[in-house]
Amino acid sequence: MSLGYWKNKNVFITGGTSGLGLALAVQLHNLGANVAILARSEDKLQELTSKYPQIVAIKADISKKESIYPISGEVQSRLGDIDVLFNVASYLGQTPLRLFIDTDCEDFEEVLQTNLLGHFRLTKALLPSMLLKEHGVVVNISSDAAVNAYPRWGSYSVSKAAVDHMSRIFDEELKEQGVRFLSIDPGDMNTPMHFAAIPDANPDNLRSPNDSAQKIIELISNQDFSQVRRAI
Amino acid sequence: MIAARSSKRFFDQTRLMVISDENKIVHSTVGNILNYLSPNDLLIVNHSATLPSSFYGHVRRTNELIEIRLAAFQGPNPKCLENWLAFSFGSGDWTIPTEDRGEPPTVYIGDKIVLGEDLVAEVLKVEHKRLLTIRFISKNLTSELYKQGHPIQYSYLTEELKVWDQQTIFAGPPISVEPPSAAFPFSWEIILKLKAKGVEIAHLLHSAGISSTGSRELDKLLPLTEWYEIPKETADKVNLAKQQGRKIIAFGTTVLRALESAFQNGKINASSGLTTLKITPRHKIQSATGLITGMHELGTSHMEILNSFCPSVAIEKAYRQAEEIGYRGHEYGDISLLTCDKCMVA
């Protein structure tokens with residue numbers, strides 16, 4: 001299947017104003033998809049939509065349970081049934097990163113509310129359309145921290161390991177209904193989040209979010225769902 | 001019938017009354033619905049989500065306090081949520097029976113009802129002192145509707161509802177003002193089992209409207225004009241099922257109203273628009289052979305629909321039994337399945 005797959009597809013991206021989410025939004029928009037993005041920052045949303053007025057911008061905080069149906073209602077009202085959902089929005093936890101034993105319980109909870117429960121709730125709210133149409137793809141963005149126990153990455157790692165397994169379980173339960181799940185480790189990217197975690201990282205050793213976005217887009221264009229968790 | 005007073009859902013354990021061919025009545029549970037639907041039956045569901053549709057504000061001209069409850073979406077499509085019918089209410093809130101609410105302020109065409117910093121309802125038409133045609137004005141309309149709106153609920157409930165309490169497992173675009181609640185007791189587990197058995201599922205959109213106005217006179221106007229949309233895939237599935245003589249089950253009275261509205265010259269037309277159709281016992285149902293619906297109050301418009309499916313004698317007998325057994329009514333209550341295709345349906 002070619003990149004023509006994306007023409008007129010309704011795509012929703014959480015965390016769509018920076019890093020990988022932004023790269024996905026712009027590339028998919030350029031491929032002819034109808035794109036909606038979600039972010040917390042009004043300014044960043046306005047900045048993006050001033051450049052790309054066709055992109056639907058929704059301001060909300062995915063970590064709040066009360067936000068979920070307003071988000072799903074708004075995106076399905078303004079865009080229609082969603083064909084592909086990208087759960088990209090992520091919270092690292094307090095920085096500088098701390099040993100797990102020093103992590104505040106409340107901070108761990110906040111990481112899980114965004115990275116795991118927020119995406120679970122939003123996925124659950126948008127799945128009915130996919131199940132009724134018997135097609136759809138949900139892409140959860142994971143990390144190598146989901147499989148490697150890096151010291152000081154405790155909250156984030158645990159949330160991403162859970163995201164991997166959430167993706168596997170959803171996929172196992174729903175693949176026969178035409179709805180597929182991917183959990184993608186996009187590699188170490190040159191993003192604000194990476195520098196928040198590792199301020200002295202060498203940018204030359206980091207991948208561009210645009211490259212990761214392109215690889216993810218190709219993977220879905222090719223409808224390759226042979227493995228749920230992928231490192232690209 | 002006693003009211004279900006909580007939004008708690010019992011899924012498989014919810015009571016299910018089946019009125020089938022030759023007016024046979026069976027009392028079972030939703031978990032056993034697989035026994036009453038057959039391979040190749042077509043089940044059509046309402047894909048709409050429910051918007052929190054009660055808004056408190058004031059009339060800009062007089063500064064009087066007012067509640068408006070959206071009554072039905074008027075289109076032209078879910079991308080534009082500006083146009084609605086609405087009822088006004090006076091003092092009080094959902095904890096007070098609607099018939100005991102205070103008189104709402106009188107409003108006129110052109111009045112602006114301020115519901116939030118960025119949400120105003122302009123009165124376009126006054127159909128009745130309390131029945132208004134309104135148009136919302138906002139820079140961020142959909143998000144403002146969710147921000148300012150509260151779920152419509154009634155005094156028989158003991159808890160304040162949250163937006164998620166009103167969503168069914170089929171929820172999509174938010175055009176209903178009260179939930180298409182026949183689906184409340186259903187989980188995807190049951191739906192997937194039905195699909196595995198060979199039951200086909202299709203969907204449509206219909207704006208489920210307000211169920212009670214607090215006035216007998218206004219209740220007689222229900223259901224109001226409501227917007228619906230039947231996708232081509234669904235129309236094709238219904239027409240094929242009809243040609244092949246298969247059972248077609250409307251999952252909720254809203255689905256039935258949409259199907260009957262789009263039925264012309266022996267087939268369903270893929271279409272969208274407003275329907276004024278009122279299904280009465282004299283209406284000859286042509287699009288469906290069965291109906292899944294809640295347990296309704298005698299004398300309501302919902303009951304009229306049931307009587308268009310099965311003889312009122314059969315319905316009354318079934319409801320008497322249900323009351324004795326302790327079925328619960330209203331949106332979070334028990335449900336019934338009518339498959340009376342050999343009773344009255346063409």
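1. A salt bridge is a side-chain nitrogen of Lys or Arg within 4 Å of a carboxyl oxygen of Asp or Glu. By this rule, the interface of chain B and chain A holds one salt bridge. The partners are B:Lys195 and A:Glu134, whose side chains meet at 2.6 Å, N to O.

2. Some conventions apply throughout. This is a predicted model, in which local features need pLDDT of at least 70 and side-chain atom pairs count only at pLDDT 80 or more, while totals for chains, interfaces and linings use all residues. Residues are numbered from 1 along each chain as its sequence is written, chains are lettered from A and ligands numbered from 1 in the order in which they are written, and side-chain values use heavy atoms, with hydrogens and water left out.

3. The interface also has polar contacts (pairs of N or O atoms within 3.5 Å; within protein, one must be able to donate a hydrogen and the other to accept it, and residues adjacent in sequence count only if both atoms are side-chain atoms). Five residue pairs, both members at pLDDT 80 or more, are in polar contact across the interface of chain B and chain A. Helix H1 (141-148), helix H2 (188-197) and strand S13 (200-206) of chain B are the elements that give two or more residues to the side of chain B that touches chain A. Helices (H or I, at least four residues) and strands (E, at least two) are DSSP runs, numbered from the N terminus.

4. In contact terms (heavy atoms within 4.5 Å), 22 residues of chain B touch 20 residues of chain A. The buried area, meaning the accessible area (1.4 Å probe) that two parts lose on being put together, summed over both, is about 1900 Å² between chain B and chain A, and carbon and sulfur atoms give 64% of that area.

5. Over all chains, the whole structure has 21 salt bridges. Within chain B, B:Glu103 and B:Lys129 form one with a distance of 2.6 Å, N to O. This pair links distant parts of the chain, 26 residues apart: B:Glu103 is in the loop between strand S8 (83-89) and strand S9 (112-116), and B:Lys129 is in the loop between strand S10 (119-126) and strand S11 (131-137) of chain B.

6. B:Glu103 is exposed at 61%, whereas B:Lys129 is partly exposed at 34%. B:Asp334 and B:Arg328 form a salt bridge with closest N and O atoms 3.4 Å apart, and both residues are buried. In chain A, A:Arg180 pairs with A:Asp171 in a salt bridge at 2.9 Å, and A:Asp171 is buried at 3% relative accessibility.

7. A:Ser142 lies in the loop between strand S5 (136-141) and helix H5 (154-174) of chain A. At 2% relative accessibility, A:Ser142 is buried. The side chains of A:Ser142 and A:Arg229 make a polar contact of 3.1 Å. Apart from neighbours within four places in sequence, the residues in contact with A:Ser142 include A:Lys160, A:Asp164, A:Asp185 and A:Arg229.

8. Finally, the structure has zero disulfides over all chains, a disulfide being a pair of cysteine sulfur atoms within 2.5 Å. A:Cys105 is exposed, at 61% relative accessible area, and B:Cys80 is partly exposed, at 22%.

Conventions
Buried < 20%, exposed > 50% of the residue type's maximum accessible area, 1.4 Å probe, protein only.
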